[in-house]
Amino acid sequence: QRYYGIAGGPFDIGANLPPNMAKLTDKDGYAVSLWLRADVTTLGFAYAVTDAFENAADHKVYCLERLALIIESGNDGSDWFNTTYNVYQSLYVNGPGRTLTFAYTAVPGQVIQLDFDLIEN
């Protein structure tokens, strides 16, 4: 699904949350609700809201590929694009590592990652 005009709007997490997550107040926040069936082999994005930059030939979204590399490597995001490609919100599933990562770009060149450990039954 494609929606335009996300930058600066209510779905632009980076514009609506402080860059320093330690400074969140009770009035700051964001809720994402979804059902996801995954196992220890699942690896990749469950969902993502990005700028509409897609390679027409192979349908790859390069900002998601770069974000996946940053998440998987534990990088701080300093190797983000020099242009203003944005990921407004995303949920990355790492089954082998048993984590979920909520990630977004706050300002050009800054990737914010919130990691959550998965609970095993």
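Biologist: Hi! How many aromatic pairs does the count come to?
Modeller: The count comes to two aromatic pairs. Rings of Phe, Tyr and Trp (its six-membered ring) pair if their centres lie within 6.5 Å; planes under 30 degrees apart count as stacked, over 60 as edge-to-face, and the rest as tilted.

Biologist: What kind of pair do Phe45 and Tyr92 make?
Modeller: Their ring centres are 5.0 Å apart with the planes at 75°, so the pair is edge-to-face. Phe45 sits in strand E1 (residues 43-50) and Tyr92 in strand E2, so the pair ties together parts that are 47 residues apart in sequence.

Biologist: Before I go on, what sort of model is this?
Modeller: It is a predicted model, in which local features need pLDDT of at least 70 and side-chain atom pairs count only at pLDDT 80 or more, while totals for chains, interfaces and linings use all residues. Residues are numbered from 1 along each chain as its sequence is written, and side-chain values use heavy atoms, leaving out hydrogens and water.

Biologist: Thanks. Back to that pair: is Tyr92 buried or exposed?
Modeller: Tyr92 is buried, with a relative accessible area of 2%. Phe45, at 25% relative accessibility, counts as partly exposed. The cut-offs are under 20% relative accessible area for buried, over 50% for exposed, and partly exposed in between (1.4 Å probe, protein chains only).

Biologist: Let's zoom out. What pattern does the protein follow along the sequence?
Modeller: It reads α-β-α-β-β-β, with two helices and four strands in total. Helices (H or I, at least four residues) and strands (E, at least two) are DSSP runs, numbered from the N terminus.

Biologist: And what share of the residues count as buried?
Modeller: Of the 121 residues, 31% count as buried. The accessible surface is about 8100 Å², and 53% of that belongs to carbon and sulfur atoms. Those areas come from the Shrake-Rupley method with a 1.4 Å probe; for residues, only the protein chains shown count as cover.

Biologist: What share of the contacts is between residues 24 or more positions apart?
Modeller: Such residues account for 48% of the contacts with a separation of 6 or more. A contact here means heavy atoms within 4.5 Å.

Biologist: Switching to helix H2: how far does it reach from its first C-alpha to its last?
Modeller: H2 (residues 62-73) has twelve residues and reaches 17 Å, close to the 16 Å expected. The expected span is 1.5 Å times one less than the number of residues.

Biologist: Which residues of H2 are buried?
Modeller: They are Cys63, Leu64, Leu67, Ala68, Ile70 and Ile71. Seen down the helix axis they fall within an arc of 165°, so they line one face of H2; the arc is that of the directions from the helix axis to the C-beta atoms. On the other side, Leu69 and Ser73 are exposed.

Biologist: And what follows H2?
Modeller: Gly74 does, with a positive phi near 75°. Arg98 has a positive phi too, near 55°, and is a residue other than glycine. Arg98 lies in the loop between E2 and strand E3 (99-107) and is partly exposed, with a relative accessible area of 31%.

Biologist: What does Ser90 touch?
Modeller: Setting aside residues up to four places away in sequence, Ser90 touches Phe45, Tyr47, Ala48, Leu67, Thr101, Phe102 and Ala103. Ser90 is in strand E2 and is buried, with a relative accessible area of 0%. A polar atom of the Ser90 side chain lies 2.9 Å from the backbone oxygen of Ala103.

Biologist: Which side chain makes a polar contact with Gln89?
Modeller: That of Tyr47, at 3.1 Å. A polar contact is a pair of N or O atoms within 3.5 Å; within protein, one must be able to donate a hydrogen and the other to accept it, and residues adjacent in sequence count only if both atoms are side-chain atoms. Gln89 is in strand E2 (residues 87-94) and counts as buried at 5% relative accessibility.

Biologist: Last one: where is Phe116?
Modeller: Phe116 is in strand E4 (residues 110-117), and at 44% relative accessibility it counts as partly exposed. Leaving out residues up to four places away in sequence, Phe116 touches Arg98, Thr99, Leu100 and Phe102. Its C-alpha is 6.2 Å from that of Thr101, 15 residues apart along the chain.
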